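Welcome, and thanks for taking a look. Here is a short briefing on aromatic contacts and charged pairs, to read alongside the structure.

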Amino acid sequence: MDHAVTGQEALSRIALADDLDTVEALRVEFLGKQGSISGLLKTLGKLDPEARKLEGPRIHALRESVSEALAARKTALETAALDARLAAETIDLSLPAPATARGVVHPISQVMDELAEVFADLGFAVATGPEIEDDWHNFTALNMPESHPARAMHDTFYFPDHNDDGREMLLRTHTSPVQIRTMLKDGAPLRVIAPGRVYRSDSDATHTPMFHQIEGLVIDKGIHLGHLKWTLETFLKAFFERDDIVLRLRPSYFPFTEPSVEVDVGYANEGGRRVVGGSGDAPGHAWMEVLGSGMVNRRVIEAGGLDPDEWQGFAFGTGVDRLAMLKYGMDDLRAFFDGDVRWLSHYGFSALDVPTLSGGVGTPA
Ligand code: DAH
C-alpha cells in the first residue's frame with residue numbers, strides 16, 4: 001500500500017469538504033475504529049522489526065497530518081458559518097425608523113384617558129386607592145355592615161390574614177372605597193373620579209375576575225339630583241361624542257346612596273352591534289343600563305369624616321370595560337385580557353392619539 005498517495009488523497013478530500021457533516025464522515029472513514037488509517041496502524045504489529053521501524057513513523061505521521069487537517073477544516077467551516085450569521089444579523093443603525101409605529105395603547109387605557117379628559121373639563125380630579133383593601137373601606141364604611149346581604153353579591157376574594165387593625169383584607173370589589181379614602185384625606189368640597197381595577201370571583205363572556213370601574217364623587221353644599229343628572233348627561237355626550245344621548249333614570253337601591261338611581265341610555269342595533277343614541281322608547285331602540293348612582297347616603301358622608309347636615313353629594317360608578325366595548329364595538333370582554341397581538345393591533349390606539357376635548361376624545365388613529 002502506498003501511504004503517500006493515501007495521505008494526499010485524504011488531505012485533498014478533507015480540503016474539499018464543504019460542511020461539518022462531511023468533515024465528520026471523513027474523520028470516521030479515516031480515523032474511526034474501522035477507519036482506513038486505523039487499519040494501517042493495526043498492521044504494524046505484524047511487520048518484522050525492520051519494516052516496522054520504517055513504516056511506523058510514516059503511518060503515525062499520516063494519522064497526525066490527517067487529524068490536523070480535519071481539525072483545521074472543521075474550525076474553518078465553523079468560522080465561516082459564524083461570519084455568515086453575523087453578517088446576516090447585522091443591524092444597520094442608520095436605516096430610518098419603520099413607517100408604521102409598533103405597539104399600541106390598550107383600549108382600556110385609552111378609555112380611562114378619555115374619561116379623565118372629559119371629567120377634567122368638568123373640574124374633577126383623579127383619585128386613587130389600593131386594590132388590596134380592607135373590609136371597612138370596601139363594605140362597612142359604605143353602609144354595608146357585616147352580614148349585609150349586598151356583601152354576598154360581590155363574590156369577594158378574601159385574604160387569609162387580617163391587617164394590623166384586625167380588619168379583614170380583600171381585593172376591592174368596586175372603586176367605591178376610594179370615595180371614603182378621598183373624603184377622609186381631602187375633606188370637602190370634593191370633585192373626583194377614581195378609575196381602576198376591581199376584582200370579583202366571576203367569569204364568563206361578559207365577566208372577568210379582574211375588571212375596571214370608574215367612580216365619581218361630588219361633595220359640596222346644596223347638591224341635588226339635578227346636578228347628578230346634568231353631570232351624567234354631559235359626561236355621556238362627551239364620551240360617546242354624540243349629542244343625541246338620551247338618559248332614563250330609574251329608582252334603584254345601593255347601600256351607599258339614598259335615593260339610588262340606575263341610569264339607562266337609549267340605543268339601537270346597527271350592523272349587529274349596539275350603537276348608543278336616541279330614546280330607548282323610539283322605534284327600533286331599547287334601553288341599556290350603563291351606570292349606578294345616587295345621592296351619597298348620610299352614613300357614608302359620616303364615615304368619610306364629614307357632617308352630613310353640612311355636606312351633601314352624589315356618586316356614580318360604572319364599568320370602564322363595558323364603556324369601551326360599547327364605544328368601540330368589541331363583543332367579548334375576555335379578549336381584553338388575552339394579550340392577542342392581532343386583537344390589540346386591531347382595537348388598540350396610536351400612542352400619539354392622546355384624547356383631548358378639542359381634538360376629539362376618542363378618534364381612532
Ligand atoms: N359600586 C357599585 C358596583 O360596583 C357601583 C355604584 C353604584 C357606584 C352606585 C356608585 C353608586 O358610586 O352611587 O356595583
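Which residues form one aromatic cluster? They are Phe119, Phe124, Phe235, Phe239, Phe240, Phe314 and Phe316. Please keep in mind that this is a predicted model.

**Aromatic pairs**

- Searching the whole structure gives 12 aromatic pairs. One of them joins Phe314 and Phe316, a stacked pair with 6.5 Å centre to centre and 25° between the planes.
- Phe336 and Trp343 make a tilted pair, because their planes stand at 50°, with the ring centres 5.2 Å apart. Phe336 is buried at 3% relative accessible area, and Trp343 also counts as buried, at 14%.

**Charges over rings**

- Lys221 places its charged end over the ring of Trp311, 4.8 Å from the ring's centre.
- Lys327 lies over the face of Phe239, at 4.5 Å from the ring centre. Phe239 is also one of the residues in the aromatic cluster.

**Salt bridges**

- The structure holds 21 salt bridges, and a few of them are worth a visit.
- Glu241 pairs with Lys327 in a salt bridge, where the closest N and O atoms are 3.2 Å apart. Glu241 belongs to the loop between helix 9 (225–240) and strand 7 (247–254), while Lys327 belongs to helix 11 (residues 320–328), so this pair ties together parts that are 86 residues apart in sequence.
- Glu241 is partly exposed, with a relative accessible area of 40%, whereas Lys327 counts as buried at 12% relative accessibility.
- Glu24 and Arg27 meet through their side chains in a salt bridge of 3.0 Å, N to O. They sit three residues apart in helix 2 (residues 20–31), which means that about one helical turn separates them.
- Glu24 is partly exposed at 40% relative accessibility, and Arg27 is partly exposed at 35%.
- Asp309 and Arg298 form a salt bridge with their closest N and O atoms 3.1 Å apart. Asp309 is in the loop between helix 10 (298–303) and strand 11 (312–319) and Arg298 is in helix 10, so the pair ties together parts that are 11 residues apart in sequence.
- Asp309 counts as exposed at 58% relative accessibility, and Arg298 is partly exposed with a relative accessible area of 45%.

Technical notes:
Residues numbered from 1 in each chain as written. Predicted model: local features only at pLDDT ≥ 70, side-chain atom pairs only at ≥ 80, totals over all residues. Heavy atoms only, no water. Phe/Tyr/Trp six-rings, centres within 6.5 Å; stacked < 30°, edge-to-face > 60°. Buried < 20%, exposed > 50% of the residue type's maximum accessible area, 1.4 Å probe, protein only. Lys NZ or Arg CZ within 6 Å of the ring centre and 35° of its normal. Salt bridge = Lys/Arg side-chain N within 4 Å of Asp/Glu carboxyl O. Helix = DSSP H or I, 4+ residues; strand = E, 2+ residues; numbered from the N terminus.
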